[in-house]
Amino acid sequence: MLERRSHLFLIPHEIARFVGCFDNGTTDVQFEYDAQEILYVDFEKKELVYTVPKFLVLDPSEMFSGLHVYKNALKGKRICTAVLAYVTAEEKNPPEEQDPPECVLYPAEEVEVGVENSLICFVNHFYPPSIKVSWTKNGRPVSEGVSLSRYYANSDQTFHQFSTLTFTPREGDIYSCTVAHSALERPKTRIWGPEFSHQSLGPDVFCGVGLTLGFVGVAAGTFLIVKGHQKVTSYS
């Protein structure tokens, strides 16, 4: 279901629902407003989790008043699971399609000696949505100050995710993030170290990959994904 509503000066806005189920038994249901996620369904806790900033919408639940979001999410989960089972049976248990992740490592702010900052390990274009990210500082494992976002859907039916390390830059320190995924023959590592001799507005990224920052939007529309040996996708 794709529902369009108009708000403020009759400017059209678009609400899109995404439903995806996977071979590992998990199901993901997300809602987006103008290609930005505003809520997802936590089936374990049986609740809706709103991710839209409160300074934009004080009460995001009002946007979905009367739409029976959780009830419809359960229906979507049942349908998606049934389609996955059918496709699996028809193709006689084909191996799950896999896409290896790409990753880049960069600081959130301009780097200054002794000023707390964050390193962001951006992992993109992977499937299935399950990765493991680990960090090191000067070759030693780091767990304090590390966080991992939930995964987000891309328009090509892959996913992206962020891992963040809070740190204080010092001369000579070297950091790395390592990404493990089932589509990789071996984990992929990106390395970063601060350079204070020439400050710039851009991040110092040693992996040699440029990154254009911005919100990665998901294509508008409601679509059902079953991704195995073939993809079954429906739009409305």
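I took a charge to sit over a ring if NZ of Lys or CZ of Arg is within 6 Å of the ring centre and within 35 degrees of the ring normal. Arg 150 also lies over the face of Tyr 152, at 5.6 Å from the ring centre.

The model is predicted: local features need pLDDT of at least 70 and side-chain atom pairs count only at pLDDT 80 or more, while totals for chains, interfaces and linings use all residues. Residues are numbered from 1 along each chain as its sequence is written, and side-chain values use heavy atoms, with hydrogens and water left out.

**Salt bridges**

I searched the whole structure for salt bridges and found 2 (a side-chain nitrogen of Lys or Arg within 4 Å of a carboxyl oxygen of Asp or Glu). Arg 150 pairs with Asp 28, the closest N and O atoms being 3.2 Å apart. Asp 28 is in strand 3 (residues 27-33) and Arg 150 in the loop between strand 10 (146-148) and strand 11 (152-153), 122 residues apart; helices (H or I, at least four residues) and strands (E, at least two) are DSSP runs, numbered from the N terminus. Both Asp 28 and Arg 150 are buried (buried is under 20% relative accessible area, exposed over 50%, partly exposed in between; 1.4 Å probe, protein chains only).

I then noted the salt bridge of Lys 137 with Asp 173, with the closest N and O atoms 4.0 Å apart. Lys 137 is partly exposed at 33% relative accessibility, whereas Asp 173 is buried at 10%.

**Aromatic pairs**

My search of the whole structure gave 8 aromatic pairs (ring centres of Phe, Tyr and Trp, its six-membered ring, within 6.5 Å; planes under 30 degrees apart are stacked, over 60 edge-to-face, the rest tilted). Phe 18 and Phe 159 have ring centres 6.4 Å apart and planes at 75°, so the pair is edge-to-face. Phe 18 lies in strand 2 (residues 11-21) and Phe 159 in strand 12, so the pair ties together parts 141 residues apart in sequence. With Tyr 127 and Tyr 151, Phe 18 and Phe 159 form one aromatic cluster.

**Helix 1**

I checked which residues of helix 1 are buried: Val 69, Ala 73, Gly 76, Cys 80, Leu 84 and Val 87. Seen down the axis, the buried residues fall within an arc of 70°, so they line one face of the helix (the arc is that of the directions from the helix axis to the C-beta atoms). On the other side, Lys 71, Arg 78, Ile 79, Tyr 86 and Ala 89 are exposed.
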